[in-house]
Amino acid sequence: MNGPVKLIPQTPLEKMRSLVSGRAVILGTPWFWLALFFVLPFLFVLKISLSEAQLAQPPYLDWIREVEDGLVTIQLNFGNYLMLFEDELYRDALWGSFEVASISTLLCLLLGYPMAYAISLSPNHWRLPLLMLIILPFWTSFLIRVYAWIGILKGNGLLNQLLLGLGIIDTPLEILHTPVAVYIGVVYSYLPFLVLPLYATLVRLDNTLLEAAADLGARPWKQFLKVTLPQSVPGILAGSMLVFIPVMGEFVIPDLLGGPDTLMIGKLMWTEFFSNKDWPLASALASVLLLVLIIPFVLMRHYEQKVAEREQK
Amino acid sequence: MFKRYPFLFSVLLLGYAFLYLPIISLIVYSFNESRLVTVWGGFSTKWYGELVNNGPLLDAAWLSIKIGAMNATLSVVLGTLAALALVRFRNLRGHQSLGVMVTAPLVMPEIIIGLSLLLLFVAMEQLIGWPAGRGQVTILLAHVTFSMAYVTVIVQSRLAHMDRSIEEAALDLGARPVKVFFRITLPMIAPALMAGWLLAFTLSMDDLVIASFVSGPGSTTLPMVVYSSVRLGVSPQINALATIIIGVVAMAVLIAGVVLYRKEMRKQQEG
């Protein structure tokens with residue numbers, strides 16, 4: 001932190017010293033923790049995805065086996081991946097996840113953008129309490145918040161009671177265990193993830209441009225479309241990915257609110273793993289999902305850095 | 001404001017209603033005498049009584065609190081180290097890769113983290129005999145891995161916006177870096193550490209998916225009990241539990257919010 005900082009050690013002794021220096025320990029400890037418990041496990045997912053399921057403990061057949069003394073055989077099994085491509089169920093599940101993730105990201109944006117914008121336009125002393133109100137639900141149990149919707153959406157639940165009572169409908173609506181319920185649950189749970197980064201970009205927008213546009217006679221809607229919206233693109237994209245990526249693998253919401261026709265990859269993985277005890281197939285599904293998520297992840301990193309840079313200014 | 005931007009502020013109000021109505025309905029129905037959501041059977045606290053006598057649920061809650069507290073403490077230590085490295089040691093080798101490894105758990109679907117860690121633990125047990133079986137330890141290791149990422153984000157933003165002149169002054173006066181860290185940096189980032197601790201605690205208390213993968217027989221956490229009872233339908237006991245959790249969280253956030261708000265206002269008045 002202080003003194004002359006040597007970035008490239010010259011002698012072996014200096015190299016040794018820099019290896020055990022305080023800075024190296026500070027960076028190295030979390031680095032190794034994450035390498036061991038976050039990155040390394042993916043290699044095992046890949047490895048198991050290439051093995052065969054069997055009735056044993058653990059329920060897979062290792063593809064590197066010692067047959068005799070010192071003689072090792074390698075027997076790769078691509079069957080799991082073949083199955084993912086051939087069986088319609090898995091393709092539909094991947095597509096289902098993609099559909100739910102993209103539509104709910106869009107819905108989150110439609111609701112979250114005006115909210116973030118309104119907060120950023122409100123007076124200074126209002127902003128913190130308003131933001132707190134957005135974050136507060138995030139601190140209570142996710143599971144319980146999803147569960148709350150069961151009581152609201154079910155056949156004789158609150159929503160139907162209300163609508164029947166008001167005379168808007170004659171027969172109860174069937175919402176629980178349909179895709180609509182899944183969308184409600186996802187938007188409800190992930191809205192804060194979008195509002196916060198959006199607010200961070202919107203609150204730092206350059207107001208002089210807006211004033212210039214207003215002076216030149218642009219109408220409010222046009223000012224928004226031509227000035228505010230383009231400037232907030234990094235926030236939109238960073239926030240969207242914060243919703244899209246985890247929703248792709250969501251399990252709890254489709255399981256509790258969705259019906260039998262809600263096919264999503266997270267739910268399918270859970271079934272393959274816990275009910276069918278097919279660890280290799282579950283691993284293959286996980287590998288495919290990971291591969292699919294790399295692109296949005298890179299996008300997210302890129303735009304998050306943009307948002308951060310803007311914040312620094 | 002409402003008059004100037006009627007549309008925006010209507011959506012804001014609508015959004016808050018959407019966020020809070022379900023929570024309010026849970027609280028109201030936790031005091032419902034009747035088992036049915038549809039019928040209001042009068043005010044009663046009987047579900048709270050049943051909750052207090054629900055042995056398995058209390059055991060699970062206690063286990064979750066224990067794991068949550070250990071997880072939060074470890075996550076704050078690791079997350080602070082990671083944040084320091086990310087903000088201050090930009091030239092050190094491994095800086096880039098640490099940045100990627102810290103961001104990824106924030107968005108990585110829980111189901112992938114859970115499955116991959118389970119496979120790691122199984123392989124480690126076969127290779128080195130540790131961890132022998134799965135339970136509290138494996139849940140803790142898994143929770144720290146994703147919680148520390150959240151702590152890092154919180155501490156990182158605090159460190160990045162921190163005024164470094166006091167640290168520099170102390171260093172100029174000859175204080176050793178370690179001393180500067182403990183006497184100056186740490187007190188200055190204390191609110192972020194507190195927020196990080198609480199967030200890591202709630203993340204752990206709330207995790208169903210990852211814990212389901214890496215737990216073993218005999219280590220059932222609170223979300224696992226809640227999940228299996230929720231799968232059977234609406235249960236007033238869960239409403240009561242939810243109300244308690246929401247009450248505790250709301251209190252904590254309210255206190256923290258008031259403290260933060262006052263500080264912010266004072267800063268604005270001074271500035």
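This is a predicted model: local features need pLDDT of at least 70, side-chain atom pairs count only at pLDDT 80 or more; totals for chains, interfaces and linings use all residues.
Which residues are exposed on the other side of α10(B)? The legends below take up this point.

View 1. Residues are numbered from 1 along each chain as its sequence is written, and chains are lettered from A in the order in which they are written. Chain B holds eleven helices and zero strands (DSSP runs, numbered from the N terminus, of H or I over at least four residues for helices and of E over at least two for strands). Its C-alpha trace spans about 70 × 65 × 35 Å along the principal axes.

**View 2. The buried and exposed residues of helix α10(B).** In this helix, residues 222–231, the buried positions are B:Leu222, B:Pro223, B:Val225, B:Val226 and B:Val230 (buried means 20 or more other C-beta atoms within 10 Å of the residue's own, exposed 12 or fewer, and partly exposed in between, with C-beta atoms placed from the backbone). Because these residues fall within an arc of 160° seen down the axis of α10(B), they line one face of the helix; the arc is taken from the directions from the helix axis to the C-beta atoms. On the other side, B:Ser228 and B:Arg231 are exposed.

**View 3. The cover over α10(B) and the residue just after the helix.** The elements covering its buried residues include α6 (142–153) and α12 (252–257) of chain A, together with α3 (55–88), α8 (177–206), α9 (209–214) and α11 (236–270) of chain B. Just after α10(B), B:Gly233 adopts a positive phi of about 125°.

Conventions:
Two residues are in contact if their C-beta atoms, placed from the backbone, lie within 7 Å.
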